[in-house]
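This report concerns the side-chain contacts and the open spaces of one protein model. Please consult the sequence and the structure while reading.

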Amino acid sequence: MAKSKLSPVELTIHNQFTRYGRNAREWLRKCAVLLPKIEKYEIWQKRRCSSIYEYAAKIAGMNHDQTREALRVMNRIKDKPELIAMAEKKGINAVRPVATIATRETARFWAGCIEVMSVQGVTAMAREKRRGMLGGDKSRNVSTSQPEKMHHVGQNGMGKFGQNAATETMA
C-alpha cells in the first residue's frame, strides 16, 4: 500500500482504525481458542443456536472455515499445554503448521520454535520434519510416476526437466 502524507486529523483516524483492527484480531484469536470449551459444554445449544458455526458467526463474526480450522487445530493440541499457550499468545495460525506432527514429547520444542520464529519459518521447519529431513530419517525416498522425466539436477537446482518446462512456458 502506497503511503501518502496524511493530515493530522486523517492520521488520528488512521491510527485509531489501526488500533481497533489490531484489537479485533487479538480478540478473534482469543475466541478461536475458546471454541473447544464452547463445544464441550454445548454452550452454543444453550444460547439457542443450531450449531457451533452459527454461534461463532453470531457472537464473534467468525466464518465457517475459521471455526472449523480453529476446532481442528485445538483438538490436535488439546493434550499439549505448551502449544495451547502458544495458540493463546500468538493465535491458531502460529500453531497450525505443527498441530499434526507435534507429540507430547516434542511439544516443548515446537512451542519454543513458535515463540521465536515467524509462522513461515515454523511452516518450513514442519514441512522438512514431515519429509524426514529433521531428526530421525536419514534417507529420503523420492518416487515419481514418470521416472523417465527425472534427470540429474544441475547447479541451478532445476535439472533438464525444469529447464525444458521453463522454456516451453516462455515460448
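The text below treats aromatic and cysteine side chains, and then the pockets.

**Aromatic rings**

The model is predicted. Across the whole structure, a search returns one aromatic pair. Its members are Phe109 and Trp110, whose ring centres lie 5.0 Å apart. The planes of these two rings meet at 70°, and the pair therefore counts as edge-to-face, since the cut-off for that class is over 60 degrees. Phe109 is partly exposed, at a relative accessible area of 45%, whereas Trp110 is buried, at 3%.

A charged side chain is also found against a ring. Lys30 is placed over the face of Trp27, at 4.4 Å from the ring centre.

**Cysteines**

How many disulfides does a search of the whole structure find? The search finds zero. In general terms, a disulfide is a covalent bond that joins the sulfur atoms of two cysteines. Cys49 is buried, with a relative accessible area of 11%. Cys113 likewise counts as buried, with a relative accessibility of 7%.

**Pockets**

| Pocket | Volume | Lining by class |
|---|---|---|
| Largest pocket | about 310 Å³ | six nonpolar, three polar and five charged residues |
| Second largest pocket | about 220 Å³ | six nonpolar, one polar and four charged residues |

The lining of the largest pocket consists of 14 residues, and those nearest its centre are Leu28, Arg29, Gln66, Ile92 and Asn93. Two or more lining residues come from each of helix 1 (8-40), helix 4 (64-76) and helix 6 (92-95). Helix 1 supplies the largest share of this lining, namely four residues.

Which residues line the second largest pocket? Its lining is formed by Val33, Leu34, Pro36, Lys37, Glu39, Leu71, Met74, Asn75, Lys78, Ile84 and Glu88. Here the elements that contribute two or more residues are helix 1, helix 4 and helix 5 (81-90). Helix 1 gives the most to this lining, with five residues.

Helix 4 is among the elements giving two or more residues to the largest pocket and to the second largest pocket.

Methods
Residues are numbered from 1 along each chain as its sequence is written. This is a predicted model: local features need pLDDT of at least 70, side-chain atom pairs count only at pLDDT 80 or more; totals for chains, interfaces and linings use all residues. Side-chain values use heavy atoms; hydrogens and water are left out. Rings of Phe, Tyr and Trp (its six-membered ring) pair if their centres lie within 6.5 Å; planes under 30 degrees apart count as stacked, over 60 as edge-to-face and the rest as tilted. Buried means under 20% relative accessible area, exposed over 50%, partly exposed in between (1.4 Å probe, protein chains only). A charge sits over a ring if NZ of Lys or CZ of Arg is within 6 Å of the ring centre and within 35 degrees of the ring normal. A disulfide is a pair of cysteine sulfur atoms within 2.5 Å. On a 1 Å grid over the protein atoms alone, a cavity is a set of points where a 1.4 Å probe fits but cannot get out, and a pocket is an open set with protein on both sides within 12 Å along at least five of seven lines; lining residues have an atom within 4 Å of a point. Grid points are joined across faces, edges and corners, and a volume is the space filled by probe spheres set on the points. Ala, Val, Leu, Ile, Met, Phe, Trp, Tyr, Cys and Pro count as nonpolar, Asp, Glu, Lys and Arg as charged, and the others, Gly among them, as polar.
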